[in-house]
Amino acid sequence: MDVIWLDIEYSLDHMYGVWDKKAFIDPAGMMRALDARGRKLVIIIDPHLKKTDQYYLYKEAKSQDLLVKTADGRTNYEGECWSGQASWIDFFQPRTWQWWIDQFRLTKQRLEGNARNLFVWNDMSEPAIFSGPEVSSPKDVRHFPGWENRDIHNINGVILHNLTATGLTRRELGTRDAAGQAGVSAVRSC
């Protein structure tokens, strides 16, 4: 075995990046144990965020105005997905880019258990919306700076994948010494 893949059940109430502590008591310790054996772990992170201020990603995205809008261009779009009522990250909004990349920094530790052997499976980036037409986003949902979803449907997901890959690639910049050992003293901003 080289890699373990975890679907949404690892997360607390489908809040991606938040571990269900009943099933995963010590995510950081688990990651260290896997790394010691040369194993990797992949967790799923979808672009819909459970609509609750208890979820740090939703709370930050909402407060920074990083969510997809309804046809009026002002109201955050809400729909139904695995997490129940959810909103979707607008990856066309340039302010989203560094915010998303930073979620994967090893020094930030917002993603508990984040480690060099933790990777991400981005799924449902069409975006998939259970309460939407054809199980997708309404065509008139708005992305920055006013694009309708009908015009850029899958591009938002491509940007999500690109930014996630960038975040995972950059997360260790400056964190390894000459011997290749992880450390945090020389971390520089991405």
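Q: Is strand β5 mostly covered or mostly open?
A: Keep in mind that this is a predicted model. Strand β5, residues 84-88, is mostly covered, with 4 of its 5 residues buried.

Q: OK, and how does β3 pair with β5?
A: Antiparallel, over 3 bridges, with β3 spanning residues 48-50. Lys-50 has Ala-86 in β5 as its bridge partner.

Q: What about β4 and β5, how many residues sit between them in the hairpin?
A: There are 2 residues between them. β4 (residues 79-81) also pairs with β5 in the antiparallel sense, over 3 bridges, and Cys-81 stands opposite Gly-84.

Q: Switching to packing: how many residues are in the largest nonpolar core?
A: It has 38 residues, and Leu-49 and Trp-100 are among those with the most contacts inside it. Elements giving two or more residues to this core include α1 (27-36), β2 (40-45) and α5 (155-170).

Q: Which residues does Leu-49 touch?
A: Leaving out residues up to four places away in sequence, its contacts include Tyr-55, Tyr-58, Leu-67, Ala-86 and Ile-89.

Q: Now the outside. Which residues form the nonpolar patch on the surface?
A: Trp-82, Phe-130 and Val-135, with about 290 Å² of accessible area together. Val-135 sits in the loop between β6 and β7.

Q: Why doesn't Val-135 count as buried?
A: Because its relative accessible area is 47%, and buried means under 20%. That makes Val-135 partly exposed.

How values were computed
Residues numbered from 1 in each chain as written. Predicted model: local features only at pLDDT ≥ 70, side-chain atom pairs only at ≥ 80, totals over all residues. Heavy atoms only, no water. Core = buried A, V, L, I, M, F, W, Y, C linked by side-chain atoms within 4.5 Å. Buried < 20%, exposed > 50% of the residue type's maximum accessible area, 1.4 Å probe, protein only. Contact = heavy atoms within 4.5 Å. Patch = residues over 30% accessible without salt bridge, like charges linked within 9 Å, V, L, I, M, F, W, Y side chains within 5 Å. Areas by Shrake-Rupley, 256 points an atom, 1.4 Å probe, with all protein chains shown as cover. Salt bridge = Lys/Arg side-chain N within 4 Å of Asp/Glu carboxyl O. Pairing = 2+ DSSP bridges.
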